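User: Hi! Could you walk me through this structure?
Analyst: Happy to, have a look at it here.
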Amino acid sequence: MAPVASNTVCFRYRVPGLTDDALNEFNSKLQNIVTGMGVAVISYTKLKGRTALRACIVNHRSRREDFELFVGKVKEAGVMMIQKMGRIDYFSSSN
């Protein structure tokens, strides 16, 4: 009875210098880390062959502060992954 706005947002963490294939793997791993932090459960999908992280906002009580916390945790996890990349072969199958 009314227009519906989507409650799903797709986004991609970008790291300068990484190829699209490396970014796909980076974002797949980032999804697991962010979900493991316990702030939000996110998934991933492929959009035009590129891995995108997907968050679905379903709690009607969500506030701006909740989204700021979520974005902060995504950034924190991304920085942590980038730091690990400098020390080991982060994209090996053992990680």
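Analyst: Helices (H or I, at least four residues) and strands (E, at least two) are DSSP runs, numbered from the N terminus. This is a predicted model, where local features need pLDDT of at least 70, side-chain atom pairs count only at pLDDT 80 or more, and totals for chains, interfaces and linings use all residues. Residues are numbered from 1 along each chain as its sequence is written, and side-chain values use heavy atoms, with hydrogens and water left out.
User: Thanks! How many helices and strands does the chain have?
Analyst: There are two helices and three strands, and along the sequence they follow the pattern β-α-β-β-α.
User: How many aromatic pairs turn up in the whole structure?
Analyst: Two. Rings of Phe, Tyr and Trp (its six-membered ring) pair if their centres lie within 6.5 Å; planes under 30 degrees apart count as stacked, over 60 as edge-to-face and the rest as tilted. One of the pairs is Phe 11 with Phe 70, edge-to-face at 6.1 Å centre to centre and 85° between the planes.
User: Which parts of the chain does that pair link?
Analyst: Distant ones: Phe 11 is in strand β1 (residues 8-11) and Phe 70 in helix α2 (residues 64-85), 59 residues apart.
User: Is Phe 70 buried or exposed?
Analyst: Phe 70 is buried, at 13% relative accessible area. Buried means under 20%, exposed over 50% and partly exposed in between (1.4 Å probe, protein chains only). Phe 11 counts as partly exposed because its relative accessibility is 23%.
User: And what share of the chain is buried?
Analyst: Buried residues make up 27% of the 95 residues.
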